[in-house]
Amino acid sequence: MELIERHEQIAVLEDLAEQCITGQGQVALLCGAPATGRTALLQSFARSQLERGALVLSASCAPAEEGLFLGVVSQLLYATPLPDPHGTEIGRLLEGAAAQGGTADADRQRLYHALCLRLRAVAADRPLLITVDDIGHADPASLDFLQQLVRRSSADRIMVTVTDNGERPDVTAPLLAELQRQQHMRHIQVAPLSRRGAYELVARRFGPESAEPLAAELHAASGGNPLLLSALIDDRAAQTQDNSRYELAVLGLLQDRDPVVLEVARGIAVLDDEETGLDTARLLDLNPQAVDCALRKLTSAGLLLNRRFRQESARAAVLERIPEKVRATLHRRAAELLIESGSAPTAVAFHLLSAGTAPPVWGMPCLLEAAEQELYSLRLVRGAQYLELALAGPTEPGAAASIRARLTHTEWMINPVSAGRHLPALTNALRAGHLSLREGLNLIRHLLWHGRTQEAGRLLSLVRDGAANSPAVADELRDLEGWLAFTHPPLARRGYLPPVRPDDGRTVTPLADPWLQAAAVMAGQLSRGQTEEAVVRAKETLRDLHLGRHTCWVDEAALLAFRTLLVADRTHTAQEWCERLLDREAGGRTLPWRALMLFVRAEVAMARGDLAGAARHAEESLTELNVRAWGVAAGLPLGTLILANARLGRFEEAGALLAHQVPDTMFQTSHGVHYLYARGQLHLATRHYHAALADFLSCGDLVRGWGLDPAGLVQWRTGAAEAWLGLGNTEQMRQQVGNQLTWQGSGSARGRALALRLTASAGPVGRRPQLLLESLELLEKCGDRFEQARTLAKLSSAYHLLDENRRARMVFRRSMHLAQSCNAESLTRELLSVSSELGEAPAASGDAEKLAVLTGSERRVAALAAMGYTNREIATKLYITASTVEQHLTRVYRKLEITHRKELPSDLNWLRDKTG
């Protein structure tokens with residue numbers, strides 16, 4: 001195969017060979033870094049001279065044969081048959097020397113003299129080329145012989161060509177000095193391949209089209225070393241994820257090298273991407289000059305660049321093959337030197353972790369500080385590794401318990417399931433007095449997340465008793481009680497309500513958790529039905545989430561803030577904050593955090609009637625964090641997904657979700673109420689009215705028993721009323737609807753709208769349009785398209801019963817459009833089943849671009865006209881004159897290119913979105 005970028009060197013060698021034929025002895029020294037192609041060049045030249053009639057004697061040196069007397073000479077003279085009588089005589093001489101096992105100096109000189117004479121005689125008949133590869137590993141006797149041969153053959157047709165990588169100058173110095181004195185000696189440098197040479201090599205394998213960018217990449221990775229470059233090309237051609245051939249090439253380069261070079265390579269691998277200026281010589285306890293020399297050799301070989309491995313896989317390969325004890329010692333030594341030099345704790349901790357042994361006492365402070373820095377930057381896995389290592393170090397029981405508590409929360413942020421393994425040890429530590437009461441509050445939260453309510457209750461009693469002697473803990477305990485009263489009410493003190501304001505006279509301590517306090521305040525406001533105040537605090541909480549460190553209460557505060565906005569029908573605000581936080585924290589927040597945000601997305605979509613979006617986001621939330629990892633909070637995403645599937649008409653999928661194993665203790669939380677309500681809606685959609693009624697009444701019993709009815713977590717009254725209606729018990733239905741209409745709680749706008757629709761369903765036909773229109777206005781303010789579609793369907797039926805069929809048909813069109821836009825299959829099928837009664841198939845929706853040209857007032861007038869209102873009724877509703885209505889409609893017809901009301905598109909809202 002043709003060599004790349006070696007034409008100049010080959011030309012020099014061939015010129016020397018031509019001169020040799022004329023009787024001028026020649027000497028060539030091929031120098032270059034390891035694996036730069038010296039051997040390939042030497043072999044190629046030898047083959048070409050053999051083809052031209054020269055006699056070629058070749059030897060290749062190896063470290064294992066350095067002590068073999070005349071090992072290289074034996075290779076030269078035995079590998080190729082020599083013409084007699086010279087060959088026979090040379091064999092006799094070598095056999096005699098071997099039999100003596102080494103001879104006295106005078107005898108050796110006579111042997112060398114005799115061998116030289118025989119070789120010069122051979123060269124008289126035929127040009128002789130002698131090649132020796134890696135001369136630095138030749139045995140001393142062979143080196144002596146080559147010196148004499150070179151000195152005596154300057155007028156013979158003998159050419160001696162050797163290669164040397166310059167790594168053993170102490171061995172090769174006498175021979176190289178002799179070579180330099182020869183008149184016809186040529187020094188030929190074999191350099192790494194240039195980028196152009198790399199391109200040629202890559203193009204041979206992959207073709208010229210794709211070679212340019214790949215050649216630049218592989219040249220940078222190999223430093224132009226042909227061996228490394230070829231290995232990288234092989235790996236790329238194999239299309240595997242690893243660099244196995246490259247790694248083998250790296251190890252081959254280091255194998256049997258100067259021990260100092262190998263040791264320095266190991267040291268560089270241990271230091272990794274170290275920017276502390278740590279002295280490699282100090283780490284290895286070697287002479288600085290020797291280390292610098294080794295670094296130059298490794299760099300020239302294409303392994304290093306700026307004292308770092310060019311490829312991470314090369315570093316990993318070298319590191320992996322360092323004996324375990326040696327590697328641990330080097331890492332421990334590096335950590336010690338870094339502490340002495342005042343380096344960053346993360347640099348020290350990295351080496352303590354890499355050592356793989358229990359940390360020493362002097363390393364504990366750095367480990368803990370490094371863990372906090374990693375956690376602050378949300379590099380959670382590395383932070384957990386540092387804490388786990390610190391836990392194995394020499395610590396007092398109290399310090400160990402504190403480290404374990406921090407590790408528990410860190411692992412919870414990575415995967416809540418894995419954090420459960422620490423809870424028994426922490427529980428014992430709290431009981432033994434080794435864990436602080438403040439950390440005990442966090443432990444209670446983790447126990448509750450995993451559904452271990454009884455254990456949490458026992459520890460809560462312990463903390464309550466201990467808080468009497470600690471005002472700071474007592475303040476945080478009050479916040480915990482407030483959060484418990486809303487989220488885990490059975491554990492809260494009987495009759496306890498959280499404080500209304502955060503500034504209730506308590507002393508703020510530096511260690512107080514602001515997120516626990518925020519959660520307690522919002523919980524208290526919602527529990528009292530103070531929705532607007534809770535909304536204000538929720539916005540403040542979400543705005544400040546990026547401040548401070550990530551404690552175990554930040555997710556609870558965020559969840560409560562979003563639930564507050566959703567209960568208050570602030571879906572637009574909830575969506576804005578959800579997207580803003582997801583964008584701001586992309587890739588940085590924890591697994592539970594992302595799952596939480598996806599749940600909020602699902603709830604926002606559900607509140608707006610985007611059923612497909614709600615199902616998709618809820619599924620994504622459960623993919624990020626499975627049901628087991630969600631713990632007792634699994635009722636939130638599960639409930640949303642069940643409800644979305646029920647309204648989408650996917651009853652089998654919704655039913656299958658009920659088979660998920662959820663903790664029994666979930667039903668002792670407000671999360672369980674969310675799940676129960678969704679299950680009731682599924683039963684309602686599938687006309688299992690008794691089961692639906694049981695779920696809705698259970699929701700009511702729970703929230704009223706807990707004192708959370710004013711919070712309006714779910715619309716259980718209207719759900720129960722609809723179930724009663726399905727069972728034909730209108731008296732009970734009216735009672736529940738009446739309770740809903742007179743109930744003053746959070747989220748009453750949506751609840752009132754649903755109650756008005758139910759009232760209309762069981763009331764006189766003549767009153768139905770008025771009740772349903774009021775319901776529709778409330779639902780349009782909430783932005784709930786699904787419930788709007790249901791109300792419009794009832795309104796269409798009411799108009800039909802009143803023989804106002806034109807108006808009924810127009811309202812029906814809008815109902816059908818909204819149902820289809822929500823992908824509400826069951827509702828759509830129900831509407832299609834009654835469409836024949838109205839004598840008109842549903843019309844297609846309007847064109848969005850055409851609707852965009854309407855002004856706000858034109859849109860409102862057109863929407864009411866599409867619903868069947870007369871001009872006078874529209875005028876009364878919008879507080880304008882009938883003439884103004886007529887003018888608006890004229891412009892609307894012209895802009896939409898229609899001529900009649902029935903052609904008005906159905907996708908029009910007469911109210912602006914007020915959901916923020």
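Buried means under 20% relative accessible area, exposed over 50%, and partly exposed in between, with a 1.4 Å probe and protein chains only. The model is predicted: local features need pLDDT of at least 70, side-chain atom pairs count only at pLDDT 80 or more, and totals for chains, interfaces and linings use all residues. Residues are numbered from 1 along each chain as its sequence is written, and side-chain values use heavy atoms, leaving out hydrogens and water.

Begin with the whole chain. Its secondary structure comprises 47 helices and 7 strands, these being DSSP runs (helices H or I, at least four residues; strands E, at least two) numbered from the N terminus. The radius of gyration, taken over C-alpha atoms, is 43 Å, well over the 29 Å that the globule rule (2.2 Å times the number of residues to the power 0.38) gives for 916 residues, so the chain is more spread out than a compact globule. The C-alpha trace spans about 130 × 80 × 45 Å along its principal axes, and 53% of the residues count as buried.

Next, select residues 471–487, helix α25. Of its 17 residues, 13 are buried, so α25 is largely enclosed by the rest of the structure.

Move to P85, in the loop between α3 (71–79) and α4 (86–100). The peptide bond from D84 to P85 is cis, with omega near 5°.

Then select D285, in the loop between α13 (280–284) and α14 (288–300). Its phi is positive, near 55°, and D285 is exposed at 72% relative accessible area.

Finish at R687, between α35 (670–685) and α36 (689–706). R687 has a positive phi of about 65° and is exposed, at 62% relative accessibility.

Notes
Expected span 1.5 Å × (residues − 1).
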